Amino acid sequence: MDFNLTEEQTAIQDSLKRYLTKDYGFEQRRALTKTPLGHSAEAWATYAELGILALPFPESAGGLGGNAIDTMLIAETLGASLALEPFLSTIVLSGSLINEIGTPAQRDTLLGGITQGTLQVALAHGEAGARYATNHVATTAKKDGAGWSLSGHKAVVLNAPSADKLLVSARTSGSAFDANGVSLFIVDAKAAGVTVRAYATQDSHRAGEVLLKDVKVGADALVGSVNQALPAIEHAIDRGIAALCAEAVGVMAALNAATLEYLKTRKQFGQPIGKFQALQHRMAEMAIATEHARSMALLAAVKVESADVAERRRNVSAAKAYIGQSARKVGQEAVQMHGGMGVTDELIVSHFFKRLTVINATFGDADHHLGKFSDSLLAA
Amino acid sequence: MNLDYSPEEQKFRDEVRSFIQANLPADIRDKVKTGGARGGKEDIVRWQKILYEKGWGASSWPEQYGGPGWNAVQRHIFDDECAEAGTPMQLPFGLKMVAPVIMRFGNEAQKSHFLPRILSAEDWWCQGYSEPGAGSDLASLKTRAIRGTDAEGEHYIVNGQKTWNTLGQYADWIFCLVRTSTEGRQQEGISFLLINMKTPGITVRPIIMLDGEHEVNEVWFENVRVPVENRVGDENKGWTYAKFLLGHERTGIAGVGRSKAALRRLKSLARRQQGDNGKPLIEDQRFRDRIAQVEMELMALEITNLKLISEEDKAHAPGPEASMLKIKGSEIQQTLTELCMQALGPYALPWLHDGQDLAGSSQPLAENFAVRDTGTSGSYFNTRKTTIYGGSSEVQKNIISQMILGL
């Protein structure tokens, strides 16, 4: 049993934290949300320079040979600054998927750009009509000569608006809910027949609906084996969930610190409101929730590469459910304890709260994952 | 003991329902049902004028000032029917806050001037209570009113800052608690002033809420001259008048009618959205249990509300019990908005400003994310304010602890 971080792990987290503290303050972030890109190209380049984007990939692919713990530390640090850059979609979701089942040519072409910060890739898997089910794919890929023709509608694709390429899951056989029959394709975001309806999300990130109408792709666009992409896609999503868990912990810790500071400095009735026992107890509960959430994020990171898929799923769902619940409690309490200031756009508190709310609704909310974990008890 | 409405009350409900159906403009009704409970300024004014023409502009006012002569149960039925039909809100600051104070403590000139203009929506009122340093501790307010005389007569010169001023950007008048004395207890140096928003020296600055909406403001007063005739009641007695409001006509604070409408919307959403298996979300037991739970809470709230209402017309006017209604009512409002957002699943994420994507299109994003659903997450975020405003839940619990439980 070892809870220690290596020197390298601490060093990377510190360098990222230093950069963000200096150059990614709240008002800078606010300005970024109003730009066409919606995030900082400069920060993305800096993450590349610091090795952040290369960290989770093997050295053979131009990476630094890091693991899920490294990803956890990065995600947590990005969360504390409410960073807007597409680390989750490009690195964790798409990058890991290409690394795991991509052809050597695809890995060569794509991972270089990804790790150097010159290529953004968004994973377009989820669709409307079946909530958080990962096995529901109605988008179709019909054989078209040596390649395929893709048609369908992908829902709430994170960072689609700035993506150069899209990883699109489409059904090559079977019916909409079949686990077998799902294939994965790399598609140029500007390909004929691709429409991205871009929008901001509630937490000031960007996402979009990806509409595909007879999008023609060649044989070399297939990622992994025909009909068999779903297990790898679900694994990538679990990595994404583990990263979101860690990011949520970073947000919760920052929110606790802000709330604690407010309790110590805001005076009413002649004293700091932190002197009132009712608020002290609730602040203590927020501290407990965050510490335990941190433990669950660690569990998710440790188990997300487990060879036993059932064990991986069970632990990742437990973490997502638990953290969804704790983040909701911490977020709502932080807003409440800040009084009127907590519901303004001006103060950072509501932005932390909105990010936590969005994280909970991404890749399955607390109730969804409680259900998954609960179902796993039947198998035990 | 009888929890049913009487035949007369049922007949009254039918009369109200028919009137609303015949007179609520369709464009307003559709807007409110999609955009939320408020309606825009024009909608609120338009609806107020329609009610005023009917003689129903202020359900709780005494008949001598234009009230319809309803008892508490009838007022409750009226609120219920308005919520179900999707009417805009009636602006409470004039009708339910400053008007009762003027009626009870104002002079004849103030009554005859201000009350008709509130009733007919000619004057839009806002409230000047909270300050940056005086939230829960309202009595510590510092906005200063210094009395003086000049060629035009006796007046106060007001300097200070009010905050959390709702919809003041539209206001003609503001009623303010100001400090007229710094001697003795804080509560004993406060006066109640009516101030024309066009008076030189008043600046209104927007405060943007977390959902991006402009609904509250800061109001700055710089040497604002207020004729002494605009003071309600006696100098330094303003805190008494403000406290009077806390015990007056507070049973509407539960928001039962609005929450019943929100619950209907939640169920409709749960039938339209799909669960993980593609079937209607309402068939998902875990989610349905959550709807059942909040419905139970609302049932308990409605009956408690009716119980207190039935006492309102008797000698004993509920005061501190209203704190229970405020706490539970606000929490239920929050749960309902949260479940509506949760029902959307991944579609809780999109933020469509003015209903548009970044290219300016307002076409629905998906089959189960209609235009009327686009404000759902925003409502969840905005509704966090209900346990904070109007006396936070913490303050309400203190009132219950001290005034009901004697702790």
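In which sense do S6(A) and strand S9 of chain B pair?

The structure is a predicted model, in which local features need pLDDT of at least 70 and side-chain atom pairs count only at pLDDT 80 or more, while totals for chains, interfaces and linings use all residues. Residues are numbered from 1 along each chain as its sequence is written, and chains are lettered from A and ligands numbered from 1 in the order in which they are written.

**View 1. Strand pairing between chain A and chain B.** S6(A) and strand S9 (residues 350–351) of chain B pair in the antiparallel sense, over two bridges. Strands are DSSP runs (E, at least two residues) and helices are DSSP runs (H or I, at least four residues), both numbered from the N terminus; two strands pair if DSSP finds at least two bridges between them. Opposite A:Thr201 stands B:Pro350, a residue of S9(B).

**View 2. The side of chain A that touches chain B.** Contact joins 37 residues of chain A to 40 residues of chain B (two residues are in contact if their C-beta atoms, placed from the backbone, lie within 7 Å). On chain A, at least two residues each come from strands S3 (147–158), S6 (194–201) and S7 (206–217) and from helices H9 (309–337), H10 (348–361) and H11 (366–379). S6(A) gives the most to this side, with five residues. By class, this side of chain A has 16 nonpolar, 13 polar and eight charged residues. Ala, Val, Leu, Ile, Met, Phe, Trp, Tyr, Cys and Pro count as nonpolar, Asp, Glu, Lys and Arg as charged, and the others, Gly among them, as polar.

**View 3. Domain 1 and domain 2 of chain A.** Chain A is divided into domain 1 (7–119), domain 2 (123–228) and domain 3 (231–379), with bounds from an automatic or database domain assignment. Between the C-alpha centres of domains 1 and 2 of chain A lie 23 Å. Their contact takes 16 residues from domain 1 and 15 residues from domain 2. On the domain 1 side, helix H5 (87–101) and helix H6 (104–116) of chain A give two or more residues, and H5(A) gives the most, with seven. The residues of that side are 10 nonpolar, six polar and no charged.

**View 4. Domain 2 and domain 3 of chain B.** The assignment for chain B gives domain 1 (7–90), domain 2 (125–236) and domain 3 (250–404). The C-alpha centres of domains 2 and 3 of chain B are separated by 32 Å. Six residues from domain 2 and six residues from domain 3 make up the contact.
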